[in-house]
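The sequence and the coordinates are shown first.

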Amino acid sequence: MHDPLVIPTDEGLYCPAGNFHIDPWRPVATAVITHAHADHARSGHQQYYAQHLSVPILRHRLGEHEFTGLEYGEQRRFGPITLSLHSAGHVLGSAQVRVAHDDGRVWVVSGDYKRDADPTCAPFEVVPCDTLITEATFALPCYRWPPVEEVGQQMWDWWSGNPDRPCILFTYAFGKAQRVLAALAAHTDRTVYLHGAMVALTELYREADVAMLPTQPVSELSREETFNGQLILAPPSAAGSPWMRRFKNASTGFASGWMRIRGNRRRRGYDQGFELSDHADWPALLNTIRDCGASTVLTTHGRSDDLVRYLREHGGIDARALTTLYGGEED
């Protein structure tokens with residue numbers, strides 16, 4: 001009986017044979033980072049390995065550390081372990097971590113991922129493995145995402161249909177905001193105005209040659225600007241804050257997978273809800289588990305118990321839930 005290649009510890013997921021951690025939440029010597037969202041990338045590690053497009057974002061969010069950027073598919077040796085990163089399709093620079101032992105065993109840690117088309121990041125790569133450690137953020141059958149083209153049309157109809165008031169779309173500052181800007185480019189070339197929390201991250205996407213609508217910080221316009229007929233992107237934390245006072249009679253929307261449940265929009269008080277998620281929906285989770293051929297599946301966060309129960313009862317798969325400190329739809 002072989003020892004597991006990856007185990008949960010107080011610091012985070014750990015590969016004993018390679019002596020490195022994956023997305024640890026406490027300071028460690030060597031951290032392999034799947035992506036730069038705050039619940040997966042934390043400060044204080046001695047050495048960071050990440051996909052090279054993730055490094056500028058990590059540096060912006062965490063400050064100066066010792067970062068090593070890897071290409072997708074590039075291999076690094078850690079004792080008997082060959083480590084490589086493979087696209088997760090989640091956000092710019094996101095990666096699955098392939099952990100291959102010299103004895104032939106292969107484990108994959110998915111991080112967060114999605115299978116839907118997204119021009120702001122590399123598409124998801126199926127990585128065959130014996131054991132898959134997967135997220136389960138939206139692991140319920142009710143979560144099935146509409147095509148992003150349909151959602152982009154809905155957002156454009158809302159924006160263009162409100163010429164006499166500001167449209168404020170609340171969305172996550174890293175990943176989702178840039179995906180919105182890319183989706184809307186199919187409908188217009190108008191400038192979108194950004195909350196300050198989104199400015200630097202959006203510029204990092206532009207430096208990576210991601211095509212998006214032109215943007216301008218809200219702070220660069222005079223206090224007399226009404227923003228009528230304009231679209232403003234802001235993080236959810238800005239809702240109800242003093243920053244909102246300058247926008248009179250605004251129409252508000254929220255772009256998130258949580259908007260699939262209609263009551264969430266009503267409870268949060270948004271005028272519009274747009275079903276746009278950077279996580280795998282229920283069919284994509286099941287398809288990924290099938291496509292990678294894993295006989296063992298370990299879940300990290302989200303609806304872990306529901307996915308484990310389904311895989312045991314309907315998939316004939318050895319499935320178990322791990323306890324981690326990762327979040328859901330981020331930041």
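## The surroundings of Val6

Apart from its neighbours within four places in sequence, Val6 is in contact with Leu13, Tyr14, Cys15, Trp107, Val109 and Ile133. The model is a predicted one, and in it Val6 belongs to the segment before β1 (7–8). Val6 is buried, its relative accessible area being 5%. The C-alpha atoms of Val6 and Ile22 lie 8.9 Å apart in space, while the two residues are 16 residues apart in sequence.

## Cysteines

One of the contacts of Val6, Cys15, leads on to the cysteines. Searching the whole structure for disulfides gives zero. For Cys15, the closest cysteine sulfur is that of Cys129, and because the separation is 14 Å, the two are too far apart for a bond. Cys292 likewise takes part in no disulfide, although the nearest cysteine sulfur, again that of Cys129, is 3.8 Å away; the cut-off for a disulfide is a pair of sulfur atoms within 2.5 Å.

As for accessibility, Cys15 counts as buried with a relative accessibility of 0%, and Cys292 is also buried, with a relative accessible area of 5%.

## Helix α1 against helix α4

Two packed helices are described by the angle between their axes and the distance between the axes. Helix α1 (residues 55–62) and helix α4 (residues 196–207) have axes that come within 10 Å of each other and cross at roughly 165°, which means that α1 is roughly antiparallel to α4. The crossing in which α1 passes α4 is right-handed.

On the α1 side the residues that meet the partner helix are Pro56, Ile57, His60 and Arg61, and on the α4 side they are Ala200, Leu201, Leu204 and Tyr205. Sorted by class, the residues of this contact of α1 with α4 comprise six nonpolar, one polar and one charged.

Helix α3 (residues 176–184) is largely enclosed by the rest of the structure, because nine of its nine residues are buried. These buried residues of α3 include Lys176, Gln178 and Arg179, together with Ala177, Val180, Leu181, Ala182, Ala183 and Leu184.

Helix α2 (residues 148–160) packs with α3 at an angle of about 80°, the axes being 9 Å apart, and the two helices are therefore roughly perpendicular to each other. From α2 the contact is made by Val148, Gly152, Met155, Trp156 and Trp159, and from α3 by Arg179, Val180, Ala183 and Leu184. By class, this contact of α2 with α3 has seven nonpolar, one polar and one charged residues.

## Helix α6 against helix α7

Helix α6 (residues 282–292) and helix α7 (residues 304–315) have their axes 12 Å apart and pack at an angle of about 50°, which means that α6 is oblique to α7. As with the pair of α1 and α4, the crossing in which α6 passes α7 is right-handed.

In this pair, Trp282, Leu286 and Ile289 of α6 meet Leu307, Tyr310 and Leu311 of α7. The contact of α6 with α7 holds six nonpolar residues, with no polar and no charged ones.

## Arg268 in helix α5

Arg268 lies in helix α5 (residues 262–268) and counts as partly exposed, its relative accessibility being 43%. Leaving aside the neighbours within four places in sequence, Arg268 is in contact with Phe254, Trp258 and Met259. From C-alpha to C-alpha, Arg268 and His195 are 20 Å apart in space, and along the sequence they are separated by 73 residues.

## Positive phi in two loop residues

Most residues other than glycine have a negative phi. Asp23, which is not a glycine, has a positive phi near 50° and is placed in the loop between β3 (20–22) and β4 (30–32). With a relative accessibility of 1%, Asp23 counts as buried.

Asn249 is likewise not a glycine, yet its phi is positive at about 55°, and this residue is found in the loop between β15 (231–234) and β16 (251–255). Asp23 is buried, whereas Asn249 is exposed, with a relative accessible area of 58%.

Notes
Residues are numbered from 1 along each chain as its sequence is written. This is a predicted model: local features need pLDDT of at least 70, side-chain atom pairs count only at pLDDT 80 or more; totals for chains, interfaces and linings use all residues. Side-chain values use heavy atoms; hydrogens and water are left out. Buried means under 20% relative accessible area, exposed over 50%, partly exposed in between (1.4 Å probe, protein chains only). Axes are lines fitted to C-alpha atoms, for helices over the stretch in contact, and angles run from 0 to 180 degrees between N-to-C directions. Helices (H or I, at least four residues) and strands (E, at least two) are DSSP runs, numbered from the N terminus. Angles under 35 degrees count as roughly parallel, over 145 as roughly antiparallel, 65 to 115 as roughly perpendicular and the rest as oblique. A crossing is left-handed if the near helix is turned anticlockwise from the far one by less than a right angle, and right-handed if clockwise. Contact means heavy atoms within 4.5 Å. Ala, Val, Leu, Ile, Met, Phe, Trp, Tyr, Cys and Pro count as nonpolar, Asp, Glu, Lys and Arg as charged, and the others, Gly among them, as polar.
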